[in-house]
Amino acid sequence: MKIGLVSPYDFAHPGGVNSHVRQLGWWLENLGHDVRTLAPGNRSLDPNETPGFYRIGRAYPVPVNDSVARITLSLGLAKRVNTILDKERFDVLHFHEPLMPTLPLTLLRMSTTANVGTFHAFARSNLGYYYGRPLLAPYVRRLHANIAVSPVARDFVKHYFAVDPVVIPNGVDVDTYHPHHHPIRHLKDGSVNVLFVGRLEKRKGLGDLIRAYEYLKQRAPRTRLVIVGEGPLRSKVESYISSRRVEDVVMAGYVPKEVLPRYYASADIFCAPATGSESFGIVLLEAMACGLPVVATEIPGYMGVVDPGSDSLTVRPKSWAELGAALTVLARDPDLRGRMGAAGLAKAQRYSWRLVASRILEVYQEARITASRPGQKENQVVHNPVSGLG
């Protein structure tokens with residue numbers, strides 16, 4: 001099949017959805033399909049790194065769900081979109097967050113092929129969905145099949161729209177993330193390393209982790225906290241660490257994907273202290289695939305991945321004292337770390353991208369059958385409710 005993968009987010013900027021799209025595209029190509037990726041962006045990408053990429057529209061930062069989404073807000077995309085659709089003649093267009101403005105909506109309105117939507121997000125509520133339902137419902141009806149990356153992401157979109165997505169989880173590349181990488185030498189000095197990987201923003205819970213690490217450090221002095229990631233809270237985190245004289249904290253910053261597995265290989269415990277709004281938690285799978293035990297907060301998106309007591313210890317979100325106690329238990333018990341790491345490693349194999357991509361291909365086939373039924377094209381006609389959109 002010729003498949004178009006559509007991301008609403010700046011494809012030059014790292015993020016969970018873009019990572020998902022990249023991995024899915026690679027595996028679909030590996031399975032013999034012809035893939036193009038369509039997304040906004042503020043700079044061109046290396047064609048060797050991202051072959052078949054169409055950059056459509058500039059991206060602008062927009063506050064969304066306690067984070068920042070870099071999306072295009074252009075209303076003049078229709079001409080370029082029409083040129084691409086005429087040239088490529090896709091068999092399937094796969095929209096990731098299909099109701100985000102403006103690129104997915106423009107493509108969805110103009111598409112004449114089988115359309116598949118994947119819903120990644122979760123939040124307690126969404127004012128855009130709530131007030132935008134009359135405008136967005138016709139676009140939802142243009143989707144011939146729907147996927148959600150987790151039960152909470154499924155229930156979130158079902159709350160607002162008449163859809164019932166099949167749950168297909170995020171995948172993990174078990175060929176890239178595995179326990180056999182060479183660790184970073186200066187981090188393997190006998191200390192117990194606690195690893196955090198994520199964007200440095202409030203909802204990721206890094207403030208709670210640093211306070212938990214202070215608790216841990218008093219009880220297990222030979223420990224280290226390694227923080228991988230960039231974000232708006234970096235300066236505040238560094239100021240706190242400096243003012244409190246917190247020892248043995250490594251601020252690694254942005255780490256290329258080629259190097260990231262070595263940080264997992266250098267760690268003894270992985271900690272995911274997010275406060276909410278996570279629909280899944282790809283980093284949990286990456287850590288498990290590398291054989292690490294996990295300490296995670298009990299938020300809906302994480303609880304669908306971890307098995308507390310088997311591969312992880314879980315605590316209430318925003319409770320740094322519970323987080324510190326759980327880290328202390330694991331730091332003091334290497335046997336427990338080994339058992340939990342082995343359980344997580346076994347689980348991660350079930351999330352292999354090879355299996356996930358194969359299941360998504362089944363959904364593509366189902367969507368193509370639905371789109372080919374008599375009368376389906378007539379049902380797809382949408383009178384654009386937003387003047388000038390696309």
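Select K347 first: this lysine is buried, with a relative accessible area of 9% (buried means under 20% relative accessible area, exposed over 50%, partly exposed in between; 1.4 Å probe, protein chains only). The model is predicted, so local features need pLDDT of at least 70 and side-chain atom pairs count only at pLDDT 80 or more, while totals for chains, interfaces and linings use all residues. Residues are numbered from 1 along each chain as its sequence is written, and side-chain values use heavy atoms, with hydrogens and water left out.

**Stop 1: the partner of K347**

D311 sits in the loop between helix 10 (300–303) and strand 15, and K347 in helix 12 (residues 334–348), so the pair ties together parts 36 residues apart in sequence. Helices (H or I, at least four residues) and strands (E, at least two) are DSSP runs, numbered from the N terminus. D311 is buried too, with a relative accessible area of 1%.

**Stop 2: the sheet with strand 15**

Now show the strands in the order 12-11-10-13-14-15. These 6 strands form an open sheet with parallel pairing (two strands pair if DSSP finds at least two bridges between them). Strand 12 (249–253) and strand 15 (312–315) are the edges, each pairing on one side only. On average, neighbouring strands here are turned by 20° against each other, direction ignored. Axes are lines fitted to C-alpha atoms, for helices over the stretch in contact, and angles run from 0 to 180 degrees between N-to-C directions.

Zoom in on strand 14 (residues 294–297). Its link to strand 15 is made by 4 bridges, and the two run parallel. Pick A296: T314 in strand 15 stands opposite.

Next, select helix 11 (residues 320–332). Helix 11 lies across strand 10 (192–197), strand 11 (223–228), strand 13 (269–272), strand 14 and strand 15, and runs at about 165° to strand 15. Contact here means heavy atoms within 4.5 Å.

**Stop 3**

Display the strands in the order 3-2-1-6-7-8-9. There are 7 of them in an open sheet, again with parallel pairing. The edges are strand 3 (53–55) and strand 9 (166–167), and each pairs on one side only. Look between strand 7 (residues 114–119) and strand 8 (residues 145–148): 4 bridges join these parallel strands. T118 is opposite I147 in strand 8.

**Stop 4**

Which residue does K2 bridge to? Select D34: the closest N and O atoms are 3.9 Å apart. K2 lies in strand 1 (residues 2–6) and D34 in strand 2 (residues 34–39), so this pair ties together parts 32 residues apart in sequence. K2 counts as buried at 19% relative accessibility, whereas D34 counts as partly exposed at 30%.

Move to E214 and R244. Their closest N and O atoms are 3.1 Å apart, in a salt bridge. E214 is in helix 6 (residues 206–219) and R244 in helix 7 (residues 234–244), 30 residues apart. E214 is buried, with a relative accessible area of 15%.

Finish with R199, E201, R203, K204 and E278. Salt bridges that share partners join these residues into one network.

Technical notes. A salt bridge is a side-chain nitrogen of Lys or Arg within 4 Å of a carboxyl oxygen of Asp or Glu.
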